[in-house]
Amino acid sequence: MPNTDETVWEMEPHTGSKHDILRHYLNRWLPILGKRSTTMNYIDAFAGPGIYKGGEPGSPVVAIETARTHVMRPKGKVNFLFIEKDGERARVLKEQLASRFPAGTLPDGWSYAVENGEFVTVVEKGLNEIEAQGNHLAPTLAFLDPFGFSGHDLPMSTVGRILKAPRCEVFVTFMAGFATRFPEVVPPDTMTKLFGDERWRGVVDLKGEARTDFLLATYEGSLKTIAGAKFTRSFEMKSSDGRVIYDLVFATKHPKGLEAMKEAMWEIDPRGTYTFSDRTDPNQRFLIEFDGGVEPHWVAKAAQMLLVRFSGKTISRRALWEYVVVDTPFPDRSSVLKRLELDGKLTVSGRQRKLSYPDGCTLCFQPS
Ligand SMILES: C[S@@+](CC[C@H](N)C(=O)[O-])C[C@H]1O[C@@H](n2cnc3c(N)ncnc32)[C@H](O)[C@@H]1O
């Protein structure tokens with residue numbers, strides 16, 4: 001845990017991975033939304049100072065830099081809003097942004113603002129103004145990355161107001177470890193605000209890892225049943241001694257958004273365990289990712305899962321895509337279908353090229 005008293009602190013390896021997921025997701029999200037939307041918002045509501053002690057960029061810089069250098073960067077308006085409660089950090093952030101992105105260096109129609117305030121106050125005020133004008137929030141990604149744990153800082157009700165608008169998504173740092181330390185560290189009413197109701201109380205009967213698992217599942221459940229997300233996906237960050245530090249939880253209403261985030265997480269953990277540990281050797285990650293030519297170990301598992309689910313059935317390519325993205329931990333890859341077809345377990349109609357699986361083709365799974 002960094003020294004949270006310092007204005008600028010040392011960056012830990014898992015923070016670098018968190019930023020990498022953000023980069024990979026933005027790289028996918030920007031062209032998807034940029035094609036359809038004339039205005040987009042990116043909110044980083046626990047923004048930090050924009051720089052770490054070793055000079056590494058903070059999340060606000062990562063977001064603007066990723067968007068600015070994107071080959072398919074959006075042509076419309078992009079508003080970046082950075083909220084930071086600590087006055088000194090907000091001041092350092094403003095300096096960082098002014099020196100890295102001086103006036104005239106961002107594309108036309110793009111802007112950023114730093115608000116020295118609290119997430120709830122700033123966001124609720126902004127949403128009240130938008131709603132008073134009869135409008136709703138433009139497509140938004142809200143990155144909610146608090147230190148530690150406080151339901152007052154991050155209530156489910158405010159998260160729900162963001163998610164309510166069309167094409168709005170949240171990416172939240174959820175600290176289940178802290179949540180297990182109530183009522184000593186976290187008062188029950190804080191838990192209820194964070195979760196949006198009292199279901200978290202089921203944790204009292206549980207012990208050890210079952211407690212954190214329960215709280216994460218309950219939080220993801222609340223994002224769906226209370227805040228209105230349709231899909232969630234989480235990624236676990238562990239310290240070098242194997243402790244879970246936090247989970248990054250993504251919530252969206254769109255399978256395409258879910259797919260983009262799964263792909264972003266998969267880039268960081270190509271083993272498919274949705275985990276990063278500070279113990280992970282960066283050179284080993286490299287080897288796993290570029291193990292060229294050899295079929296990744298998970299392909300056989302994914303193929304088996306499809307066979308069990310669709311044995312004897314004929315379905316559209318689109319239906320298969322949706323099943324893989326929404327209901328499995330795997331990414332959608334033609335290598336899985338190819339393996340099934342070569343093994344004689346799948347026949348395909350409605351395509352031009354052998355061993356291809358384009359949109360519009362039909363997949364017939366052999367009975368097992
Ligand atoms: C984990 S740090 C952010 C790190 C940053 N997102 C990054 O990845 O580089 C959390 C930040 O949130 C700020 N903060 C804490 N409570 C807040 C609140 N209620 N609203 C806005 N900012 C808050 C803290 O001062 C701290 O700078």
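Where does the ligand sit? In this predicted model, local features need pLDDT of at least 70, side-chain atom pairs count only at pLDDT 80 or more, and totals for chains, interfaces and linings use all residues. Residues are numbered from 1 along each chain as its sequence is written, and side-chain values use heavy atoms, with hydrogens and water left out.

The ligand is found in the largest pocket. A pocket here is an open set of points, on a 1 Å grid over the protein atoms alone, where a 1.4 Å probe fits, with protein on both sides within 12 Å along at least five of seven lines; a molecule sits in it if more than half of its atoms lie within 2 Å of its grid points.

Around the ligand are 21 residues (a heavy atom within 4 Å), of which His 19, Tyr 52, Glu 84, Arg 89 and Asp 145 come nearest. Polar contacts (N or O atoms within 3.5 Å) include one of 2.8 Å between a ligand oxygen and the side chain of His 19. Ligand nitrogen atoms also lie 3.1 Å from a polar backbone atom of Phe 46 and 3.2 Å from one of Lys 85. On its own the ligand has 610 Å² of accessible area (Shrake-Rupley method, 1.4 Å probe), and the protein covers 94% of this.

Turning to the chain, the domain assignment gives domain 1 (13-287) and domain 2 (298-365).

Note on methods
A polar contact is a pair of N or O atoms within 3.5 Å; within protein, one must be able to donate a hydrogen and the other to accept it, and residues adjacent in sequence count only if both atoms are side-chain atoms. On a 1 Å grid over the protein atoms alone, a cavity is a set of points where a 1.4 Å probe fits but cannot get out, and a pocket is an open set with protein on both sides within 12 Å along at least five of seven lines; lining residues have an atom within 4 Å of a point. Domain bounds come from an automatic or database domain assignment.
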